[in-house]
Amino acid sequence: MPSSPHVPDPANGSPDPAVEQARRLTDTVTRLRRALRSSIRTDYPWESLPMAQVELLQTLAAAPLRVGELAARQRLAPNTVSGLVGKLLEAGFVDRQADPGDRRTARIALTPAGRRQLDDWQSAHERRIAAALGTLAPADRSAVIGALPALEQLARALAQPGTGGDLPPGAGGEGPAAAGEGPAAE
């Protein structure tokens, strides 16, 4: 996989260490997501949902939402979310419900089949990651687990405006399509 170009530090012409660290993290996260997706589909061939659809199901697990709300939370265009919702409706994983606050609009909600699919997806991923963690040396496994609080904080920081997480989809190398996932990558 090609790496990002090295961005030199203007002061001395050498690569900026912060940019190099960000490049390594970006490359690693991308490889992890691809490896996990690929191994899940090999080990569990029934798992065929594109990541963008899984992410919508995960978002809807908390509460039903309107398409516009889903689009805002996923940082996707409303027409993209409408297309994804259409596929989930066809599969029986979501349904449309009247919005009690505005009868002119509908909210999208998980169906029991959608909840089962999401639970099965989560369980398969947890088993696969647990098995992979089991192959690591104890010190490496501890390092990965020890890094989780900082990675969770990084995810929260990226979700905040002004930290790079507010770039439009595709502009900053983020999101499902940039990670080789979602409808464009399927």
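A: A quick definition to begin: helices (H or I, at least four residues) and strands (E, at least two) are DSSP runs, numbered from the N terminus. With that, the chain reads α-α-α-α-β-β-α-α-α along the sequence.

Q: Thanks! What should I know about the model itself and the numbering?
A: The model is predicted, so local features need pLDDT of at least 70 and side-chain atom pairs count only at pLDDT 80 or more, while totals for chains, interfaces and linings use all residues. Residues are numbered from 1 along each chain as its sequence is written, and side-chain values use heavy atoms, with hydrogens and water left out.

Q: How many helices and strands are there in the chain?
A: There are seven helices and two strands.

Q: And what percentage of the residues count as buried?
A: For the chain of 186 residues, that is 27%. Buried means under 20% relative accessible area, exposed over 50%, and partly exposed in between (1.4 Å probe, protein chains only).

Q: Now α3 and α4: at what angle do they cross?
A: The axes of α3 (residues 67–74) and α4 (residues 78–91) cross at roughly 110° and come within 9 Å. Axes here are lines fitted to C-alpha atoms, for helices over the stretch in contact, with angles from 0 to 180 degrees between N-to-C directions.

Q: What does that make them, parallel or perpendicular?
A: Roughly perpendicular to each other. Angles under 35 degrees count as roughly parallel, over 145 as roughly antiparallel, 65 to 115 as roughly perpendicular and the rest as oblique.

Q: Which residues meet there?
A: From α3, Val67, Leu70 and Ala71 meet Pro78, Val81, Ser82 and Val85 of α4. Contact means heavy atoms within 4.5 Å.

Q: Changing topic, is Ser48 buried or exposed?
A: Ser48 is exposed, at 51% relative accessible area. You'll find Ser48 in the loop between α1 (17–43) and α2 (51–60). Ser48 lies 9.5 Å from Arg37, C-alpha to C-alpha, and the two are eleven residues apart in sequence.

Q: Last one: where is the kink in α6?
A: At Leu148, shortly before the proline Pro149, and the kink is about 40°. That bend is the angle between axes fitted to the seven residues ending there and the seven starting there.
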